[in-house]
Amino acid sequence: MDLGSAVCTPRSPRCSDCPLASHCLARAHGTQELRPIRPARRAVPHYRVTAAVVERGHSVLIAQRPVGGLLGGMWEFPGGKQEHGETLEACLRRELREELGVTVRIGARLGIWHHAYSHFRVTVYAYRCRLQRGNPRALAHSRVRWVRIRALKTYPMGKVDRAIARMLASSA
Ligand code: SF4
């Protein structure tokens, strides 16, 4: 007899039919309905992330993620995770300063996208931006590139960046 599936089932153990009943501590303590103890499900972290669609004429700035990390080698609209106490705009300015060495003027919000990875979830806020100061450099990426909007489809991207690129192409 398979005790686990036939007698000592998690939801309704049949203790009166159980050959181990006289040895069972759970039954002795009256806690058989509470066994087995399941580990608490770990909360999935959620991050708010900003992304910049930096425009120059009919082109936008994209950056290639370093090989080896999450979405390694894929191209993205630069940006990053919001830090505690930071507004989304301040987050975007900081990320572009740190990642590209530029300052930008932030314009309209283009949209909000939700995505779940295997170990965390993100909500991505994308904004139109214009360069104010500096020449974009790949300080945290492998490469940065100005790309015409209609050519974005030829660059490999993750789901959210692809969705942003599609939206730009459809409104170009
Ligand atoms: S007596 Fe113990 S082992 Fe047997 S069914 Fe009940 S809880 Fe399970």
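**Ligand surroundings and nonpolar cores**

Leaving aside neighbours within four places in sequence, Gln 32 is in contact with Pro 13, Cys 15, Ala 26 and Arg 27 in this predicted model. Gln 32 lies in the loop that runs between helix 2 (25-28) and strand 1. With a relative accessible area of 19%, Gln 32 counts as buried, because the limit for that class is under 20%.

Gln 32 also belongs to the set of residues around the ligand, together with Val 7, Cys 8, Pro 13, Cys 15, Cys 18, Ala 21, Cys 24 and Arg 27. By class, this shell comprises seven nonpolar residues, one polar residue and one charged residue. The ligand takes up the space of the second largest pocket.

The largest nonpolar core contains 22 residues, of which Ile 62, Phe 77, Leu 152, Ile 164 and Leu 168 touch the most other members. Two or more residues of this core are contributed by each of strand 1 (46-56), strand 2 (59-64), strand 5 (103-116), strand 6 (121-133) and helix 4 (159-171). Helix 4 provides the largest share, with four residues.

When residues up to four places away in sequence are not counted, Phe 77 touches Ala 51, Ala 52, Val 53, Val 60, Leu 61, Ile 62, Leu 152, Met 157, Asp 161, Ile 164, Ala 165 and Leu 168. Another core, of 13 residues, lies apart from the largest one, and its members include Ala 52, Leu 61, Tyr 125 and Cys 129.

Notes: Residues numbered from 1 in each chain as written. Predicted model: local features only at pLDDT ≥ 70, side-chain atom pairs only at ≥ 80, totals over all residues. Heavy atoms only, no water. Near = heavy atom within 4 Å. 1 Å grid on protein atoms, 1.4 Å probe; cavity = no way out; pocket = protein on both sides within 12 Å on 5 of 7 lines; lining within 4 Å. Sits in = over half its atoms within 2 Å of the grid points. Nonpolar A, V, L, I, M, F, W, Y, C, P; charged D, E, K, R; others polar. Core = buried A, V, L, I, M, F, W, Y, C linked by side-chain atoms within 4.5 Å. Buried < 20%, exposed > 50% of the residue type's maximum accessible area, 1.4 Å probe, protein only. Contact = heavy atoms within 4.5 Å.
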